[in-house]
Amino acid sequence: MPVVEISLLRLQRLVGGVTKKQISDSLPFLGLDIESQNGDLVRIEYSPNRPDYSTDFGIALGLQGLLGTKTGALRLCVRKSTRYSISAKSGVSGIRPFVSGIVAKNGRIDEKTIQQLIAMQEDLHFGMGRKRTKSSIGIHDLDKISFPLIYTTTNRDHKFTPLHHTNEMSISEILSETDVGQDYGPLLGQSSQVPIILDDNASTVSLPPIINAAVTTVTTKTKNLFVEVTGINKKDTQDMLAVVATILQSAGFALESVRIHGAKNSSPRLDTRNIAVSSMLINQTLGLNLGVSKIISSLRRARLDASSRGQKIVCTIPAYRLDIFGSMDIVEEVALGYGIWNISPELSPSQTMGEANPVSQKLRSLDKVMTGLGFLEALNSSLTSKRILYEMTRRDPKNHISVLDSKSQEHTVLRDSILAGLLENLSRNIHESYPQRLFETGTVFEADGMVHEQINFAGISAHKDANFTEIKSVLQSALKIGFGINITTKTGTSPIFERGHCASIRLDDALIGTIGKIDSEIIANYKIRVPVVGFEMSLSESLLGLNGF
């Protein structure tokens, strides 16, 4: 979890009209955990889905609502300007195609503000930007730049003086000799052309996503800022810009627009959005009986705007609130604004006595057996990628189940096999010693018009002497000890196993799984350096007696 260091005295001034104790007592109700405190300085851990909490300005924004000093949504006031523009050239389309920006004027910048902005920038790079892969920010001294700007490409011999340096360096030298270049240079690939932002005098402003030019360094003498965001996805760049713009306005800057045009780029729209939710859902979920006016006032204390429309509450979401997706998120904001401390816990009226789930008991016994046989239990997500599940294992993706509106760019399909995930686990641990033995019991999904769930059991063993006999004896022992049953194997084929070293797993002549030696090409796909054997079988119908579990 990311951590931000703030001064309680400074935060007290930003919130206004409250004591330090009120601030300390209220922080947990914003989802903020105090990691440590040293005098006036407090280290606060915040959730990555709230990037606006990466500075004391953003935290103050939330505290103002919770403590009642300011309520309602912070509306971004961006004055339309024709003075500032960025022209994106077609050359960037295949490298880092999108750019966005905003101007922030007449702010007061001291050392603490610079520290907060730098911390925000790095946290956004690491979280939202996925280590600058998806998007990255450059913050510059506006008065050192001549507009209009050009977002284009240049060769690696291009020279400029990078941030924190005093001498000119070529881009090749920056990428090979500086720490930031070595860390993020691979994002530019092997192309001879790299993205660059130039001003009207052909002076370098930024080499995204690597480093800014030294000439635009922000200091305590800076009064006006220019912020540029580049990325591989337009929405990601605009989302990151919305967070930065909100923080800068909260810090006292006046915002002005930057016109973006060319190569599929357009000027950013930092618009609000609306979500409608019924008061009945809110009250039923929270166990309360709040009137419409109380719900609206609670949402305003959560720094959102709301109004009533018939039986619905229409909530207005600012552009920087990237954590709010649907109705249940609004319910959570009502609880926050109402005051979680005002909600009294109640015992369930149910008189039913709890007991262990029989399926869980059977699986737990199997887990203990596998652990005793020297295997380590893995716990992989049911949501995975086509690359891991099908491409790297050469399995047919014909009946794959995709998830609509997945928030992840990669994890978009429900798994129909556990074995692929275990191979991915091995590939991420090639630097560890062998043998490596893993197993997992978990849910897989199949589709035949409807989506069905079942429990599968899979194991894998990787070391220089791994062989079919070893993994078969492990499986037979696990099922004999765990369930008291004997299985048989019969020669078979599977795209994931090596021909001639694969067998079907059978119980009373019914096919329940596959076992064998993983094909050498698949092992190479995962960059595993030793032979691998494994198995996967269904538990739902054959052993647990729960058809269609």
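**Exercise 1.** In this predicted model, state how many residues line the second largest pocket and which of them lie nearest its centre.

*Solution.* Begin with the lining, which consists of 29 residues, and then pick out those nearest the centre of the second largest pocket, namely R395, D416, E446, N456 and T514. Next, turn to the space inside the second largest pocket, which comes to about 740 Å³. Then assign the lining to secondary structure: strands β25 (436-447), β26 (451-462), β28 (497-507), β29 (510-518) and β30 (532-538) each give at least two residues, and the largest share, four residues, is that of β29.

**Exercise 2.** Describe the largest pocket, and say which element supplies the largest share of its lining.

*Solution.* The volume of the largest pocket is about 1,000 Å³, and among its 34 lining residues M128, K235, D239, L322 and F325 are the closest to the centre. Helices α4 (111-126) and α7 (234-250) each contribute at least two residues to this lining, with α7 providing the largest share, five residues. Sorted by class, the lining of the largest pocket holds 13 nonpolar, nine polar and 12 charged residues.

**Exercise 3.** Determine at what angle α8 and α10 pack, and which residues meet.

*Solution.* Helix α8 (residues 279-286) packs against helix α10 (residues 327-338) at about 65°, their axes being 10 Å apart, and the crossing is right-handed. From α8, the residues L281, I282, T285 and L286 meet S327, M328, V331, V334 and A335 of α10; by class, the residues of this contact are seven nonpolar, two polar and no charged.

How values were computed:
Residues numbered from 1 in each chain as written. Predicted model: local features only at pLDDT ≥ 70, side-chain atom pairs only at ≥ 80, totals over all residues. Heavy atoms only, no water. Axes fitted to C-alpha atoms, helices over the stretch in contact; angles between N-to-C directions. Left-handed = near helix turned anticlockwise from the far one by under 90°. Contact = heavy atoms within 4.5 Å. Nonpolar A, V, L, I, M, F, W, Y, C, P; charged D, E, K, R; others polar. 1 Å grid on protein atoms, 1.4 Å probe; cavity = no way out; pocket = protein on both sides within 12 Å on 5 of 7 lines; lining within 4 Å. Points joined across faces, edges and corners; volume = space filled by probe spheres on them.
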